[in-house]
Amino acid sequence: MTYDYKKLNIIIGWMIFAIATLVYVLTLEPTTSWWDAGEYISTAYKLEVGHPPGAPFFQLLGRFFSLFAFGNTALVAYMINLMSALSSSFTILFLFWSITMLAKKLVGGEMTNNKANAIFASAIVGALAFTFTDSFWFSAVEGEVYAMSSLFTAVVFWAILKWEEVADTAYANRWLILIAYLMGLSIGVHLLNLLAIPAITYVVYFKKMKKTDIKGFVLVGLLSLIILSFIMYIIIPMTVKMAGSFELFFVNTIGLPFNSGSFVFFALVVAIIGWSWRYTYKKRHQIAHIAIISLTFIIIGYSSFFMLVIRANANPPINENDPKDAISMLSYLLREQYGTWPLGYGQYYNADITEWEDGSPIYIRDDKKGEYIMTDKNTRSKPKYNPELSSVFPRMWSSREQSHIDVYKSYKTSKGKAVRIMGQDGQEKVVYKPTFNDNLRFFFQYQLGHMYFRYFMWNFVGRQSDVESQPNIREGNWISGIKAIDAIRLGNQDELPMASRNPARNTFYFLPLILGLIGVIYHFNKSIKDFWVVFLLFAMTGIAIIVYLNFTPYQPRERDYAYAGSYYAFAIWIGLGVFGLIEWLSKKVNMRMATAGVFAVSIIAVPGLLASQGWDDHDRSGKTAARDFAFNYLNSCEPNAILFVNGDNDTFPLWYAQEVENVRTDIRVVNYMLSSGPWYVHQLQRKIYDSEKVPLSIEPEKYNKGVNTYVPIYPRVEGTFELNQIIDFIKNDDQSTKIGQGDKKINYMPTRKVKLTLDSAYLVESGVVPRDKAHLIPKEMSWSVGGSALYKNDLMVLDFIATNNWERPVYFANPNSIKKVLGLDEYMHLEGYVYRLLPYKAEGLVRGMGGVNPEKSFDLLVNRASYGNLEREDVTIDRESYRESGIVKNNLMRVADGFIANGNNEKAIIALDTYQKYFPHTKVHYDMYMLAFGDNYFRAGAIEKGQEINQIIFDYYLSELNYINSLSPKFKELLSQDQQSALGVLQRIAQTSKRYKQIEFGNMVDSTFKEQVNFY
């Protein structure tokens, strides 16, 4: 019986879709996860405005999926996560169909059952291989944009192959229009999908041009980059920029209402497109007509961004950058808050600024005046760097952090070229320009090697661990599982330490990579044109991203999720590798046997291996850590509190808890970093849910964009001054309170020394301080403000402290992060997860981290906190939850310290036990930071428990030392610092054990220490 190939292709594709869907649903995170997911889920659920440049189409679909929670807010995150799972399984479906189309083109003659079997076998292996790749699987089970972005890439690539099949028919161009529409929609998810344009362009070129040559090939490549640039730099920002220009003219010059200029502009755009559509149709300019229609559909898809403007005007609780008009929308789309970086030409990290150029004036909407007002001319705002310390293709460019510079220097092999510059002190000095070879070395070894190919190898060779790293042999490398090969790069693999027991340690023995490389070679030899198309998809969604983003060292998280499109292309080659092997083997045995044999081996050796190795670290089905930790932060606060937080992971989960699950909406979560944005400070000054506005005394307009962005500190007066006096001075409009900067005058801070005078009677009567603590209230709290200037977020914090007058409880997730502007760590009291600012010194002070309230923290951490099910055997602790466990460890250890100091050993032991219960050493490594736990057990009289902790730590570091000693000298030298640390820990354990009469164990540790020193 002859197969119905078309029907079977559809049926098998949907079967693969079902398998992928089952996998992702079984491993789906049931609630919010770390990083941006909490923000995306929150903004999708209530159609709010997330971080630039926005993802409105993702949010619209997310809102639709959230409706299936049927009012159960605890299920909202699951439903939006499910949207990612389905996006991912649909990606697998279209990957399967793309592979079958590409493989079918390699089959000569009439389609037979044997040929069909070979095609389906190839597509099944390729699609399932991608299903289980590390980076794609990671995004498939959480509510982030990357799964949906991958779906768009898969659909447009499949659509261009469908167009190719019917390109000579009457209505083939509708496929091109569909692609244009999908491209427009994808902008509302992520810009990554646009990188498929070059591959699409070449498909059209190869199909429509009967004869191709080098000249045409190059011109089409340039055309594809022009199309890509046109969408990225003309359609996306310039339409909004031009709308802003119209807006300024119609509102400020003519006097019409807000948004009238934008309306006129978009009406004009519609009219021009309509006329062009009609003109090209009448004149029978087919290519121009299709181009105009495609442009129209790109703009229609792109129009999802109107949702952000509409919602921004509704002032939702999350309204990042407040893009309520064309002028503010441009800043939002350009991601101005994230800064810029050089691409084709620019500065090296040690380049000095030779002059400042004028930027674009800053306008903001003034509803009272009914016009846009200029808040800053932006003169001398753009730095121009010394051309002698600049270069084409600069890769070693960032001077933002010393750590960046240190990494750049580690890639230098020579001193470089001497250049004389004028230092900030006015003295001439010599700096050394990196050589271009060193610049390229950093590009190839770090940006390409570490930031792309390492991730590529994770997916197709194996992964050492999920611990972030700069290049070293211990963490985050690719690893194959073949010890002899891995040892060449990473040292001896026979004596791996306990620290290497990481759930993300997956070894694939090169098998997926080998099968993919077979596909690369086979595809190149069989169809150079199709190979080039897939290669472009591979390179543009991988290497081109590296070139464009120009990554600095020490990224805050691993970036492999951004390259899923590149791995998608390689999965196509994995499928074609199966087809190539079948074709080769069929020359030796019949094709049916060849297909069965190759398929059986490859399905086990590649998708099967990927699935078995990766299941544990990708299964999030029982994990609720991000949500639970967010609840713990919020529930540590008193009613009506203000909680200052800093990064993504102590902000977005808290937003989720409040916005979606309605937890503690009386608390105002204030992100210190976001407070540098005027829009954020403005939003703090209005009521949200049950939280009244944040009390500030400086007028809202003085927090506008371009106003008080930079308030230099010039100590011109002696003595210590009341904080409210200083705030009054800064907000004063009198010219005598300002200093000159260029052609304008700005506010400044006249002293570093600040104080808050305290009214003890008021503090006791209002309940801020318990009566039994009244005697601890000092007359004043004083500190010195650090740094050379106050930025908008610093000014906001000082303004709030001066204005609040202890009326609302004030908490900090990490007081150390704000110590430059508010150096009051001795008045910070740890209460559960957060530090409360109180007008008396805390007990158990730790420099930079305040003190502790043992009783309250005990209740919050032991009796009331939840820890995400991380203690369960079937739950894997992901890297971010692992990091967060350190906060719990530190807090419970400090609680135990406090109780021991107060003589309450029983509660101290319970506190220490709590950490071990929820974060056992079988899941979290008990390293040197657990030494204090052992000490506290001993101090509390729990000798056996202290001894047990010390034994665990001893075993951990003995395995470290045995591992280091097994290495050859060149690798051992790299870990000399680790070795010294391990030896120091053994000494500490021996001393502690002997101090608490554990003589036998102490002597054994001593003996081991001496043996290890001999190795050293």
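**Rings, charges and an enclosed helix**

In this predicted model, the charged end of arginine 620 sits over the ring of phenylalanine 138, 4.5 Å from the ring's centre.

Searching the whole structure gives 88 aromatic pairs. One of them joins phenylalanine 538 and phenylalanine 570, whose ring centres are 6.4 Å apart with planes at 45°, so this pair is tilted. Phenylalanine 538 belongs to helix H19 (residues 528–540) and phenylalanine 570 to helix H21 (residues 564–585), so the pair ties together parts that are 32 residues apart in sequence. Both phenylalanine 538 and phenylalanine 570 are buried.

Now look at phenylalanine 954 and phenylalanine 1001. Their ring centres are 6.0 Å apart and their planes stand at 75°, so the pair is edge-to-face. Here helix H33 (residues 943–965) supplies phenylalanine 954 and helix H36 (residues 999–1015) supplies phenylalanine 1001, so parts 47 residues apart in sequence are tied together. Again, both phenylalanine 954 and phenylalanine 1001 are buried.

Our last stop is helix H28 (residues 792–804). At 1.5 Å a residue, its 13 residues should span 18 Å, which agrees with the 18 Å between its end C-alpha atoms. Eleven of the 13 residues of H28 are buried, so the helix is largely enclosed by the rest of the structure. Among the buried residues are Leu795, Met796, Phe800 and Ile801, along with Lys792 and Asp794. Just after H28, asparagine 805 takes a positive phi of about 55°.

Notes:
Residues numbered from 1 in each chain as written. Predicted model: local features only at pLDDT ≥ 70, side-chain atom pairs only at ≥ 80, totals over all residues. Heavy atoms only, no water. Phe/Tyr/Trp six-rings, centres within 6.5 Å; stacked < 30°, edge-to-face > 60°. Helix = DSSP H or I, 4+ residues; strand = E, 2+ residues; numbered from the N terminus. Buried < 20%, exposed > 50% of the residue type's maximum accessible area, 1.4 Å probe, protein only. Lys NZ or Arg CZ within 6 Å of the ring centre and 35° of its normal. Expected span 1.5 Å × (residues − 1).
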